[in-house]
Amino acid sequence: MFNTVALDAHERRRDLAMLKSIGMTPRQVVTMMVTAMAALGVLGGLAGIGLGVLAHRQVMLLAASASQIDMPESLLRTWNAPLLALLALAGLVIAVAGAYLPARLVAELTIAEALHSE
């Protein structure tokens with residue numbers, strides 16, 4: 001996540017400088033970038049959780065089939081709603097934590113520094 005936001009911040013330096021030139025504060029820059037990465041983190045977390053649960057079920061069934069054993073249903077129902085919600089929240093926290101430092105560094109740039117790096 002840190003790498004994604006660092007690349008995003010670098011690519012958007014000119015746009016952010018323009019926004020700062022018309023009055024956007026550093027706090028607003030940080031908020032904008034962290035919010036964008038938080039949305040990406042939530043989407044990635046939800047997709048990862050869904051694919052992970054599906055993959056777990058398929059791998060367990062495949063392993064049971066290869067071992068020629070009967071898989072109890074209880075081994076397939078290891079995920080519960082609070083745990084999945086906690087995993088989704090973890091994706092959000094990781095995204096926000098990874099986005100804060102690069103966003104803060106870009107927000108502290110002066111307009112001239114941001115435009116000069118082009």
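Visitor: Why does Lys20 count as buried?

Guide: Buried means under 20% relative accessible area, exposed over 50%, and partly exposed in between, with a 1.4 Å probe and protein chains only. Lys20 has 15% relative accessibility, so Lys20 counts as buried. This is a predicted model, in which local features need pLDDT of at least 70 and side-chain atom pairs count only at pLDDT 80 or more, while totals for chains, interfaces and linings use all residues. Residues are numbered from 1 along each chain as its sequence is written, and side-chain values use heavy atoms, with hydrogens and water left out.

Visitor: Where does Lys20 lie, and what lies 2.7 Å from a polar atom of its side chain?

Guide: Lys20 lies in helix α2, residues 13-21. Helices are DSSP runs (H or I, at least four residues), numbered from the N terminus. The atom 2.7 Å from a polar atom of the Lys20 side chain is the backbone oxygen of Ala107. Ala107 is among the buried residues of α5, which also include Gly91, Ala95 and Pro102.

Visitor: Why is α2 called oblique to α3?

Guide: The two helices pack at an angle of about 140 degrees, with their axes 10 Å apart. Angles under 35 degrees count as roughly parallel, over 145 as roughly antiparallel, 65 to 115 as roughly perpendicular and the rest as oblique. The angle of about 140 degrees therefore makes α2 oblique to α3. Axes here are lines fitted to C-alpha atoms, for helices over the stretch in contact, and angles run from 0 to 180 degrees between N-to-C directions.

Visitor: What makes α3 roughly antiparallel to α5?

Guide: The axes of α3 (residues 26-67) and α5 come within 7 Å and cross at roughly 150 degrees. That angle makes α3 roughly antiparallel to α5. The crossing of α3 and α5 is right-handed; a crossing is right-handed if the near helix is turned clockwise from the far one by less than a right angle, and left-handed if anticlockwise.

Visitor: How do you know that the span of α5 agrees with its number of residues?

Guide: The expected span of a helix is 1.5 Å times one less than its number of residues. Helix α5 (residues 81-107) has 27 residues and should therefore span 39 Å; its end C-alpha atoms are 38 Å apart, which agrees. For α3, with 42 residues, the reach from first C-alpha to last is 59 Å, close to the 62 Å expected.

Visitor: Where does α5 bend, and what caps its N-terminal end?

Guide: α5 bends by about 30 degrees at Tyr100, and Pro102 follows within four residues. The bend at a residue is the angle between axes fitted to the seven residues ending there and the seven starting there. Asn80 caps the N-terminal end of α5, with a side-chain oxygen 3.0 Å from the backbone nitrogen of Leu83.

Visitor: Why is Gln68 called exposed?

Guide: Gln68 has a relative accessible area of 75%, and therefore it is exposed. This residue lies in the loop between α3 and α4. Most residues other than glycine have a negative phi.

Visitor: What makes Arg77 and Leu62 exposed?

Guide: Arg77 has a relative accessible area of 57%, so Arg77 is exposed; Leu62, at 59% relative accessibility, counts as exposed. Arg77 is found in the loop between α4 (73-76) and α5, whereas Leu62 lies in helix α3.

Key
A polar contact is a pair of N or O atoms within 3.5 Å; within protein, one must be able to donate a hydrogen and the other to accept it, and residues adjacent in sequence count only if both atoms are side-chain atoms.
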